[in-house]
Amino acid sequence: MYQRRTININRVVKLLQGAGRSGASIPDLLDQCDIPRQLLDDPDGTIERDTFIKMMLLIMQQTLSLIHISEPTRQEAIS
């Protein structure tokens with residue numbers, strides 16, 4: 001029988017903390033992934049692996065966008 005894997009909420013919290021330090025919006029991430037905020041306080045809480053992967057992809061998109069926006073570009077380096 002196929003058993004769906006879940007991710008412990010503590011791992012999710014650590015991922016969100018790192019994302020927040022990088023400038024990502026934690027409330028937006030939780031909303032986009034349909035994760036209730038109360039779940040972050042439940043030490044036995046879990047989310048589906050697919051939800052965790054979606055969150056990681058969203059974090060990468062947000063943080064890479066922030067890096068791109070904040071990094072000055074030098075035309076001579078591009079040419």
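1. Along the sequence, the elements of the chain are arranged in the order β-α-α-β-α-α, and the secondary structure amounts to four helices and two strands. Helices (H or I, at least four residues) and strands (E, at least two) are DSSP runs, numbered from the N terminus. The model is a predicted one, in which local features need pLDDT of at least 70 and side-chain atom pairs count only at pLDDT 80 or more, while totals for chains, interfaces and linings use all residues. Residues are numbered from 1 along each chain as its sequence is written, and side-chain values use heavy atoms, with hydrogens and water left out.

2. On the chain as a whole, 23% of the 79 residues are buried, where buried means under 20% relative accessible area, exposed means over 50%, and partly exposed lies in between (1.4 Å probe, protein chains only). The accessible surface is about 6000 Å², with 53% of this area belonging to carbon and sulfur atoms; such areas come from the Shrake-Rupley method with a 1.4 Å probe, and for residues only the protein chains shown count as cover. Of the contacts (heavy atoms within 4.5 Å) between residues at least 6 apart in sequence, 74% join residues at least 24 apart.

3. One salt bridge is found in a search of the whole structure, the term being used for a side-chain nitrogen of Lys or Arg within 4 Å of a carboxyl oxygen of Asp or Glu. The partners are Arg37 and Asp31, whose closest N and O atoms are 3.2 Å apart. Arg37 is partly exposed at a relative accessible area of 41%, and Asp31 is partly exposed at 44%.

4. Ile53, Met56, Leu57, Met60 and Leu64 make a nonpolar surface patch of about 450 Å². Patches are made of residues with over 30% relative accessible area and no salt bridge, like charges being joined within 9 Å and nonpolar side chains (Val, Leu, Ile, Met, Phe, Trp, Tyr) within 5 Å. Met60 belongs to helix H3 (residues 49–70) and is partly exposed, with a relative accessible area of 44%.

5. Thr63 also lies in helix H3, but this residue is buried, at a relative accessible area of 14%. A polar atom of the Thr63 side chain lies 2.8 Å from the backbone oxygen of Ile59, and the side chain of Thr63 also reaches the backbone oxygen of Met60 at 3.5 Å. When residues up to four places away in sequence are not counted, Thr63 touches Ser22 and Ala24.

Technical notes
A polar contact is a pair of N or O atoms within 3.5 Å; within protein, one must be able to donate a hydrogen and the other to accept it, and residues adjacent in sequence count only if both atoms are side-chain atoms.
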